[in-house]
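User: I want to go through the labels on this model one by one. Please set each value against its definition and keep it brisk.

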Amino acid sequence: MHLPHEAVLLRIFIGESDRWQGRPLYEAIVLKARELHLAGATVLRGPMGFGKTSRLHTAKILRLSFDLPMVIEIADSEENINVFLPVLDEMMGGGLVTLEKVRVIEYRGIVSSAEPAKT
């Protein structure tokens, strides 16, 4: 049985060329989230988007952009996300951050009695 539980989804919108301490910002955020033992993080690269300035960023061949939209999603408990927010605030130079309450259903592989558990 899979029981849903309440969590918070942190979504971070940045540009591919954004950096922090010499490395891509999206990479730095994911590594920091991992260091702080958050449940997990996923980075999504967008083929097209625009932000506050309305400047279009696109992966179309005739308008090759080196600053494509990036979205980092992290779902964890509200408490853990709230601990991470001040760290994220220190790293962000620009961008957009959203928070929303979500219901999480966690699926794990079924372990048979003849097979050792995977970790």
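Analyst: Helices α1 and α2 cross in a right-handed way. The model is predicted, so local features need pLDDT of at least 70 and side-chain atom pairs pLDDT 80 or more, while totals for chains, interfaces and linings use all residues. Residues are numbered from 1 along each chain as its sequence is written, and side-chain values use heavy atoms, without hydrogens and water.

User: What makes α1 and α2 roughly antiparallel?

Analyst: Their axes cross at roughly 155° and come within 11 Å. Axes are lines fitted to C-alpha atoms, for helices over the stretch in contact, with angles from 0 to 180 degrees between N-to-C directions. Under 35 degrees counts as roughly parallel, over 145 as roughly antiparallel, 65 to 115 as roughly perpendicular, and the rest as oblique. The pair is therefore roughly antiparallel.

User: Which residues make that contact?

Analyst: From α1, they are Leu25, Ala28, Ile29, Lys32 and Ala33; from α2, Phe84, Val87, Leu88 and Met91. Contact means heavy atoms within 4.5 Å. By class, these residues split into eight nonpolar, no polar and one charged. Ala, Val, Leu, Ile, Met, Phe, Trp, Tyr, Cys and Pro count as nonpolar; Asp, Glu, Lys and Arg as charged; the others, Gly among them, as polar.

User: How many helices and strands does the chain have, and what makes a run count?

Analyst: Two helices and eight strands. In sequence order the pattern is β-β-β-α-β-β-β-β-α-β. Helix α1 spans residues 25–35 and α2 residues 78–91.

User: Why is Ala33 called buried?

Analyst: Its relative accessibility is 3%. Buried means under 20% relative accessible area, exposed over 50%, and partly exposed in between (1.4 Å probe, protein chains only). At 3%, Ala33 is therefore buried. Ala33 lies in α1. Beyond neighbours within four places in sequence, Ala33 contacts Leu38, Ile74 and Phe84. Ala33 and Leu88 are 55 residues apart along the chain, with C-alpha atoms separated by 9.1 Å.

User: Is Asp76 buried or exposed, and why?

Analyst: Asp76 is buried, because its relative accessible area is 10%. Asp76 is also in β7, which covers residues 69–76. Apart from neighbours within four places, Asp76 is in contact with Ala7, Val8, His37, Leu38, Ala39 and Ile81.

User: What makes the link between Asp76 and Asn80 a polar contact?

Analyst: Their side chains are joined at 3.0 Å. A polar contact is a pair of N or O atoms within 3.5 Å; within protein, one must be able to donate a hydrogen and the other to accept it, and residues adjacent in sequence count only if both atoms are side-chain atoms. The Asp76 side chain also reaches the backbone nitrogen of Ala39 at 2.7 Å.

User: Why is His37 called exposed, and what is its phi?

Analyst: His37 has 68% relative accessibility, so it counts as exposed. Its phi is near 60°, a positive value in a residue other than glycine. Most residues other than glycine have a negative phi. His37 lies in the loop between α1 and β4 (41–45).

User: Where is Gln21, and how do you know whether it is buried or exposed?

Analyst: Gln21 is in the loop between β2 (19–20) and β3 (23–24). Its relative accessibility is 68%, so Gln21 is exposed. Its phi is near 50°, again positive in a residue other than glycine.

Notes
Helices (H or I, at least four residues) and strands (E, at least two) are DSSP runs, numbered from the N terminus. A crossing is left-handed if the near helix is turned anticlockwise from the far one by less than a right angle, and right-handed if clockwise.
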